[in-house]
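Open the structure in your viewer and keep the selection panel at hand. This tour goes from stop to stop, saying what to select and what is there.

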Amino acid sequence: MHTPDLKDHAVLAAQFNANEPRVNWHDETLWWVRQKRDRMAWSLPEWEALRDAASAIKHNVLGNLHEYLLEFERNAIANGAAVHWAANAAEHNRIVLQLLQQQGVKRIVKSKSMLTEECHLNPYLAENGIEVIDTDLGERIVQLAKEPPSHIVLPCIHKKKEEIGELFHEHLGTPAGNADPQFLTAAARTHLRTEFLQSRVAITGVNFAVAETGEMVVCTNEGNADMGAHLADMHIACMGIEKLVPQRKHLGVFLRLLARSATGQPITTYSSHFSKPKPGQQLHIVLVDNGRSRQLGRADFRNSLKCIRCGACMNTCPVYRRSGGHSYHNAIAGPIGAILAPNLDMKQYADLPFASTLCGSCSNVCPVKIDIHQQLYKWRQVITEEGQAPASKAAGMKLMAAVLSSPGRYRFAGKAARWLLRTMPGLINNRFNPWYKQRELPEPPATSFAAWYKKNR
Amino acid sequence: MNSRDQILAAVKANQPAASALPDLDGFAAPGTAGVEAFRKVAETMGSRVITISSEAEIPALLKEYFSDMPLIVSADPAIAAWCPNAPVNWKEGDGRQLQHVDLAIVRAQLGVAENGALWLTEAALQVRVLPFIAQHLAVVLQADTILPTMHHAYNVIGDLRSGFGVFIAGPSKTADIEQSLVLGAHGAKSLTIIIV
Amino acid sequence: MKVGLFIPCYIDQFYPQVGIATLQLLEKLGCEVGYPTGQTCCGQPMANSGFEHLTDGCNRLFVNNFADFDYIVAPSGSCVLHVKDHLHVTDKETAATHIREHIYELSEFLTDILKVERLSAKFPHKVGIHQSCHGQRGLHVSQMTELVGPAFSKPQQLLQMVDGLELVTLNRADECCGFGGTFCVFEEAVSVKMGKDRVADHIHNGAEYITGNDVSCLMHMEGILRRQKSNVKVLHIAEILNSEV
């Protein structure tokens, strides 16, 4: 699987597993979130009908995206916003930089936006002399640690409070050794209030944009998007083109599902509907494609564009919980990341669709019913067809196919393998065999079922 | 071709056949919801819920619950009369003038029983940042405006246009540090809902 | 009713006792069972690894072997799901479709087609059920904890007919064991960790045996149990349902 210049999930996951108690902690923390989600789902008898409705609304959006984008643009402009279009990440970053340069600012606040992570906006702006302060607490923590978020909803879920205490001691001057979440959150509140009050520009992400009204909905628990956007002279909202919903009433379906699926709350604390800029303020909306229109054309994979970024698939994924978000080496980790990433770069992310047992739990929790595990299977086929599978694996599979498509060769190979295991187990049970490293092989029986059958029936 | 046209052309070429929108009526059986149902959920969301029989009780309530808060600002003219310490020009400025407000009092258009959320519009807030920047928030809600679900809420909000509107459900909170719930992240540290 | 017995390759080679139990059980229940001797594998190992295009040979063989049966039954939810989802042969599509629509995992065949209501089996032990994902989430042999809906479990329904058997309740009713086909070697670290955690849940809740309807998952967990020198054993559900009174 592993080529030296490419990152590999299996290798990174093995590193994560070097510390088993920490893996247990990570697994149990996220499993707790999954359980909270289950309780919320069970509190609504109409839960499955809501998922059906959400999926159908998003399907309608995909089929009318061209029309909805035009409708949204028209209404947003009528509301007083400026609408920008970015074909790719680089263009998105250039648009944002230009706006910031016009305002002459060197330091800005940003609330959570996975899109800006996908576009690597922060490092780009840093290269151009502008510092971005991430204001979501979890994002601020990973930013101070110089790490990317490991989860789209819980960015620092991989960090222990003691490590966060250390970071705050170093960067915010809190007393050494204080790792109390209450205390650390209060320290961050004070620190970030200063930033909110000083910043003249705020960037936010967008959870939903309504074609009918030209408004955008941003959901947070902390209130950081609102603190930033309402105090700033300029609000820049960055969104992927798939974030649209047709009408305002459709928000009812998505706001009922989003927080329940994400963190097991009935709704986020704040669901803010931005329509017109406040008097004297500029509102800029950047619509970003960056591969989305290409994904829209892939019949097998377009459903991935329904994603509302709740993170439920990560919380339920038994592999994600035991390998950590960074092992996916992509802005969006977990099962959904593994079906989105190959569209961005098939070679770089060829490992991700294989980082799954195809257990299917992700598809079951998905509030918009994306067939995630089926798409993982299909990406595997595409990656192989496109020649991204390692040559050794391809050779092995060809050999296996040749054996299994011939009863004679199959019987011979099976007999040989069992004989080998019985007479020279060391040849197979050794440290070069990844099965044997932490598991015993089955005791080889003297006879196969077929041979028994021949004798007994 | 500029990026706009290029994106739109690619989307048009690649989008699947259009499908119908689902009917949402089944999710919103007509009716209102009880105060108790709302209270129960609102409290689990971290809100304090106080029920009064008339708005005339508000001054007494302010005395009882908020006497330690010197700077109280109300965006509602009727209630503002009971907040004598509010600067007369608190609405003037870009919002930063509100950074020392201890308590903001605003009026909600409606409440949602399934999640304890309150719908606040720009008109009711006067200054958009008010409910976020104030250290604490109190919201006055008429009991008969409590609706069962978000579907009901959007049916009422309909296409009423406001420059800004927000559902607020509880105080500002975070669980980003090891999933420990902490109230008072960046917005109001507490939310008191006064049901009339 | 002519039932074709499909014994997946690794069961044939390494767990013949599971094939024997399945055959004996079906015969006990009055089925006329045939076992085509030219069978090998459903092709899943290649397909799940991204090499579905190499499965034509397996598919053709499968259709040739099983086209003439009323039903095809296998003691593996995973292999059955693969056939159901992916068995196609260009010039034999009618036969392939018949197979896809009439292939059953053993426990669902017993509950849904044979409508078994009692069994003469005895197994006086504490048993934990491992819900293999493909049987559960793919074939729906039991309700899934992610979904809001009425509870049911075909394997549990059958195990409750076994005299003396006591089912243990797990902390995580249907988490994946981490076998995942070639995942178990390409992602060795996570695979083993998942297996260890699954096994620990059964042990913690007092299981003496772990059973399920997929030998692949059981083989993976057995490998871990044996390395840990645990007394807990794995048995395929057919072996328990076929155990003598």
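This is a predicted model: local features need pLDDT of at least 70, side-chain atom pairs count only at pLDDT 80 or more; totals for chains, interfaces and linings use all residues.

**Stop 1: chain B as a whole**

Select chain B. Its secondary structure comes to seven helices and eleven strands. The C-alpha atoms of chain B fill a box of roughly 65 × 40 × 40 Å along the principal axes. Of its 196 residues, 47% are buried. Taking the contacts in chain B between residues at least 6 apart in sequence, 73% join residues at least 24 apart.

**Stop 2: the sheet of chain B**

Within chain B, look for an open sheet of five strands in the order 1-11-6-3-2, with parallel pairing. Strand 1 (47-51) and strand 2 (72-74) of chain B each have a single partner strand, so they stand at the edges, and one side of each is left without a neighbour in the sheet. Neighbouring strands of this sheet are turned by 20 degrees against each other on average, direction ignored.

Now select residues 136-141 and 190-195 of chain B. These are strand 6 and strand 11, which run parallel and are joined by six bridges. Which residue is the bridge partner of A138(B) in strand 11 of chain B? The partner is T192(B).

**Stop 3: where chain B meets chain A**

Show chain A and chain B together. Two pairs of chains are in contact, and chains A and B share the most contacts. Chain B puts 62 residues into this contact, and chain A puts in 69 residues. On the side of chain B that touches chain A, the elements giving two or more residues include helix 6 (130-133), helix 7 (150-157) and strand 8 (164-168) of chain B. Helix 1 of chain B provides the largest share of that side, nine residues. By kind, the residues of this side divide into 29 nonpolar, 22 polar and eleven charged.

For one residue of helix 1 of chain B, select S3(B). Across the chain boundary, S3(B) touches W85(A), A86(A), A87(A) and E91(A), not counting residues up to four places away in sequence. From S3(B) to I177(B) is 174 residues in sequence and 41 Å in space, C-alpha to C-alpha.

Next, select residues 270-274 of chain A, which form strand 9 of that chain. This strand pairs with strand 8 of chain B in the antiparallel sense, over five bridges.

**Stop 4**

Bring chain B back: no contact joins chain B and chain C, and their closest C-alpha atoms lie 16 Å apart.

**Stop 5: two helices of chain A**

Select residues 20-42 of chain A, which make up helix 2 of that chain. At 1.5 Å a residue, its 23 residues should span 33 Å, and the end C-alpha atoms are 32 Å apart, which agrees. Among the buried residues of this helix are V23(A), L30(A) and V33(A).

Then move to helix 8 of chain A, residues 137-144. Seven of its eight residues are buried. They pack against strand 3 (131-134), helix 9 (161-172) and helix 10 (181-198) of chain A, together with strand 9 of chain B. Just after helix 8 of chain A, K146(A) takes a positive phi of about 55 degrees.

**Stop 6: the nonpolar core**

Show all three chains again. The largest nonpolar core has 278 residues, of which F254(A), L118(B), L130(B), V139(B) and V73(C) touch the most other members. Helix 12 (residues 250-262) of chain A gives the most to this core, with eight residues. End the tour on L130(B), which touches A75(B), L98(B), A104(B), V106(B) and L125(B), not counting residues up to four places away in sequence.

Notes: Residues are numbered from 1 along each chain as its sequence is written. Chains are lettered from A and ligands numbered from 1 in the order in which they are written. Two strands pair if DSSP finds at least two bridges between them. Helices (H or I, at least four residues) and strands (E, at least two) are DSSP runs, numbered from the N terminus. Axes are lines fitted to C-alpha atoms, for helices over the stretch in contact, and angles run from 0 to 180 degrees between N-to-C directions. A residue is buried if 20 or more other C-beta atoms lie within 10 Å of its own, exposed if 12 or fewer, and partly exposed in between; C-beta atoms are placed from the backbone. Two residues are in contact if their C-beta atoms, placed from the backbone, lie within 7 Å. Ala, Val, Leu, Ile, Met, Phe, Trp, Tyr, Cys and Pro count as nonpolar, Asp, Glu, Lys and Arg as charged, and the others, Gly among them, as polar. The expected span of a helix is 1.5 Å times one less than its number of residues. A nonpolar core is a set of buried Ala, Val, Leu, Ile, Met, Phe, Trp, Tyr and Cys residues joined through C-beta atoms within 7 Å.
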